[in-house]
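Okay, thanks for coming, everyone. Let me put the structure up and walk you through a few spots.

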Amino acid sequence: NMKLVCFEKLEEWICNNIDSKPGKSFDVFEEMQRLSLRVICKAVFEYDMTDEEVDTFVTENGTYLFEVASKQRMHPWRKWCKSFLPSVRRAHQASENTALFARRVLASYREKVRFGVESREDTLIKLLENSGAFETEVEKIAEITGLISGGYHTTGHAIAWILLELAKNPKIVENYRDEIKGMPNAHDWANSDCIQRIVREGLRMYPVIPHVFREVDRNIHTKSTGMSTNKTSPHFIIPKGSIIVVQPFALLRSSNYYNSPDTFDPSRWINPSKEAIDAFMPFALGRRTCIGQRLAYAELYTVVAKLAAEYNLEVEVEGSICVGLTMHQNGTRLIARKAKSQLD
């Protein structure tokens, strides 16, 4: 069901943004996050967003997250300044607006249930609505808002990074097209070994989560890595209650695990070393790994496979890097031109 929704929404996006506007560029990071937002709402919550809802949600959610994830992370005192800081008041209003959208999503699902037209699949909203884990309506709304907010930026920007790299590396696209010759449709392309290597390499270079915060619940005794300045101690201790920051970006760009780590090279995943595999953690690890990574992979494989197979991508403008909830670029524009069929 996830892949079917991905293909459906991707076809709509291609029709509205590429085929109907030949030769016209598009903001790849902006457009891919909007596409991802539509996919998440349909696949997870059985809700089709209107263009107006997409525009409003992106604006309001972005306003709220910039305040909470950026400004308040650096200046915690801002959370108590709603009464006299207009930007904090605006962020609170934006939060309420995104919650109103979540209420519409939940009301829409309940209406489908009332008329017996809800999906037969075990969608997340069905599990959420029927679960006893949420005692109040407010908790359900918060869960819906959080799942949407945490998913569309990350996945959309991951897709955009990969498309940007493919636009810069046409030889990789040529090799991919050679590999999928004879495969009958885009569903098979999305399952090809080559596209999986391309996506894996994209996530290595541009992990969806640039940093992860965790609170240590016990003292952790760690073996020395040779980086410690205390040469008399074979290990160091991370005390209980410490806040640690894990940097997937630094790990996945380390020459300790990857040769030429700053080069986009999907072929490194043909016969990777055990160290390279163990270091690969774009969605974090353990019990608190990303809950939406299966849907993220479905989107990544689907979108990248079809666009790389059927369109030649060119970089019109490469924008500037911005690090917030995700690492992305502002103002990067690509042109997608229909490729001559090489797949027969």
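So, helix α2 is mostly covered, with 15 of its 18 residues buried, and buried here is under 20% relative accessible area, exposed is over 50%, partly exposed is in between, with a 1.4 Å probe and protein chains only. Helices are DSSP runs of H or I, at least four residues, numbered from the N terminus. Keep in mind this is a predicted model, where local features need pLDDT of at least 70, side-chain atom pairs count only at pLDDT 80 or more, and totals for chains, interfaces and linings use all residues. Residues are numbered from 1 along each chain as its sequence is written, and side-chain values use heavy atoms, leaving out hydrogens and water.

Back to α2, residues 28–45: its end C-alpha atoms sit 25 Å apart, which agrees with the 26 Å its 18 residues should span at 1.5 Å a residue; that expected span is 1.5 Å times one less than the number of residues. Where the helix starts, a side-chain oxygen of D27 comes within 3.3 Å of the backbone nitrogen of F29. After the helix comes E46, with a positive phi near 55°.

Note on methods: Helices (H or I, at least four residues) and strands (E, at least two) are DSSP runs, numbered from the N terminus. A polar contact is a pair of N or O atoms within 3.5 Å; within protein, one must be able to donate a hydrogen and the other to accept it, and residues adjacent in sequence count only if both atoms are side-chain atoms.
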